[in-house]
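Please walk me through this protein, from its overall layout down to the residues packed inside it.

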Amino acid sequence: MGVDVGNARVGLALCDPDGILATPLKTLRRDLKKDSDRRVLMKLIEVHEVTEVFVGLPRTMKGGESPSTVMARDYAEQLAVELAAEDRLTPIWLIDERLTTVSAHRALHEAGVSSRDFKTMVDQVAAVNILQSALDTIKAGQQLAGYRVDPKGSLNSQDSTVYNDETENPNV
């Protein structure tokens, strides 16, 4: 599953069982007070039998951090903690997502989507871009440009799995 975390919305994407093609799933409205969006996300992870989650980490163009980077990291850490509390150890990855929202806006514009409809779709398209990038990296047997989130709430940069042809494709 691909996840694009924003201040107002969370875009979600899934892939086919063979881990080849990412498609839009849903856009959740962020609820910063009750975190109901994360509870819905946890239910969707269960319902769709997701085996790995890739959350976009929006770094600056120079690779630095911004408030959005911190927000995405906090969201992924909380998701990992909440899943672990329910004995669901679905791996959560934070992966570099520079320019995915820009690419999503460009793709929607090129597809002829009106700019007033962008809000309902751009987060899902960004999540598709995040997930497709992860799938393509895995298929190529390369290391993901990111970190696996420790369910104890800390990032573990040493645990970056390298997928190769002998590795079974994840149902993400």
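The protein has four helices and seven strands, where helices (H or I, at least four residues) and strands (E, at least two) are DSSP runs numbered from the N terminus. Read from the N terminus, the order is β-β-β-α-β-α-β-α-α-β-β. This is a predicted model, in which local features need pLDDT of at least 70 and side-chain atom pairs count only at pLDDT 80 or more, while totals for chains, interfaces and linings use all residues. Residues are numbered from 1 along each chain as its sequence is written, and side-chain values use heavy atoms, with hydrogens and water left out.

The largest nonpolar core holds 25 residues, and Met 1, Val 3, Leu 41, Val 53 and Ile 92 have the most contacts inside it. Such a core is a set of buried Ala, Val, Leu, Ile, Met, Phe, Trp, Tyr and Cys residues joined through side-chain atoms within 4.5 Å. Helix H2 (67–85) is among the elements that each supply at least two residues; H2 gives the most, with seven. A second, separate core of 14 residues includes Trp 93 and Ile 130.

Val 55 lies in strand S4 (residues 53–57) and is buried, at 0% relative accessible area. Beyond its neighbours within four places in sequence, Val 55 is in contact (heavy atoms within 4.5 Å) with residues including Val 3, Ala 72, Ile 92, Trp 93 and Ile 130. Asp 4 is 51 residues from Val 55 in sequence, yet their C-alpha atoms are 6.1 Å apart.

How values were computed:
Buried means under 20% relative accessible area, exposed over 50%, partly exposed in between (1.4 Å probe, protein chains only).
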